[in-house]
Amino acid sequence: YLKNVTILTKDLENKLLNKDFESMEKSVHKLKGAVGNIKDRNIYELVEKLEDSVKNKNYEKVINQFSKFENELGNLKNNIKRFLDTQNTHKAPLKW
């Protein structure tokens with residue numbers, strides 16, 4: 001799930017740079033579905049706020065919400081990696 005979320009996040013980031021709100025709406029909706037599979041309520045709520053900002057075409061809020069989402073996603077990945085590293089130190093490192 002996290003790999004899929006990472007791919008969707010990069011796709012959305014590219015659309016943010018182009019300020020393409022129509023494409024952003026589709027991407028953030030896909031991202032919301034993928035994030036829902038992770039079952040992290042905080043990250044899901046951030047994506048909901050991001051989706052609202054995209055629908056309202058508020059670029060400043062979109063950038064702000066996207067940044068918060070990326071930070072929380074990074075924290076989640078780090079926490080999962082640390083947990084898995086403590087479970088088995090003989091496996092290859094995780095790559096997202």
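Q: What covers the buried residues of H2?
A: The cover includes helix H1 (2–18), helix H3 (41–55) and helix H4 (59–87). Helices here are DSSP runs of H or I with at least four residues, strands are runs of E with at least two, and both are numbered from the N terminus. Buried means under 20% relative accessible area, exposed over 50%, and partly exposed in between, with a 1.4 Å probe and protein chains only. Contact means heavy atoms within 4.5 Å.

Q: What sort of model is this?
A: This is a predicted model, in which local features need pLDDT of at least 70 and side-chain atom pairs count only at pLDDT 80 or more, while totals for chains, interfaces and linings use all residues. Residues are numbered from 1 along each chain as its sequence is written, and side-chain values use heavy atoms, with hydrogens and water left out.

Q: How many helices and strands does the chain have?
A: There are 4 helices and 0 strands, and the order from the N terminus is α-α-α-α. The C-alpha trace spans about 45 × 20 × 20 Å along its principal axes. Of the 96 residues in the chain, 31% are buried.

Q: Back to H2: which of its residues are buried?
A: Phe21, Met24, Ser27, Val28, Leu31, Lys32, Ala34, Val35 and Ile38 are buried in H2.

Q: What should H2 span, and how far apart are its end C-alpha atoms?
A: The 18 residues of H2 (residues 21–38) should span 26 Å at 1.5 Å a residue, and the end C-alpha atoms are 25 Å apart, which agrees. The expected span is 1.5 Å times one less than the number of residues. Just after H2, Lys39 takes a positive phi of about 70 degrees.

Q: Ser27, buried or exposed?
A: Ser27 is buried, because its relative accessible area is 3%. Not counting residues up to four places away in sequence, Ser27 touches Asp11, Leu12 and Lys15.

Q: Which residues touch the most other members of the largest nonpolar core?
A: Val5, Leu31 and Phe69 do, in a core of 22 residues. H1, H2, H3 and H4 each supply at least two residues of this core, and H2 gives the most, with 7 residues. A nonpolar core is a set of buried Ala, Val, Leu, Ile, Met, Phe, Trp, Tyr and Cys residues joined through side-chain atoms within 4.5 Å.

Q: What does Leu31 contact?
A: Apart from neighbours within four places in sequence, Leu31 is in contact with Val5, Leu8, Thr9, Leu12, Val47 and Phe69.

Q: And Thr9, where is that?
A: Thr9 is in helix H1, and Thr9 counts as buried because its relative accessibility is 7%. With neighbours within four places in sequence left aside, Thr9 contacts Leu31, Phe66, Phe69, Glu70 and Leu73.

Q: At what angle do the axes of H1 and H4 cross?
A: The axes cross at roughly 155 degrees and come within 12 Å. Axes are lines fitted to C-alpha atoms, for helices over the stretch in contact, and angles run from 0 to 180 degrees between N-to-C directions. H1 and H4 are therefore roughly antiparallel to each other, a term for angles over 145 degrees.

Q: Last topic: Lys55, which helix?
A: Lys55 is found in helix H3, and it counts as partly exposed because its relative accessibility is 45%. Lys55 and Met24 are 31 residues apart in sequence and 8.9 Å apart in space, C-alpha to C-alpha.

Definitions and conventions:
Angles under 35 degrees count as roughly parallel, over 145 as roughly antiparallel, 65 to 115 as roughly perpendicular and the rest as oblique.
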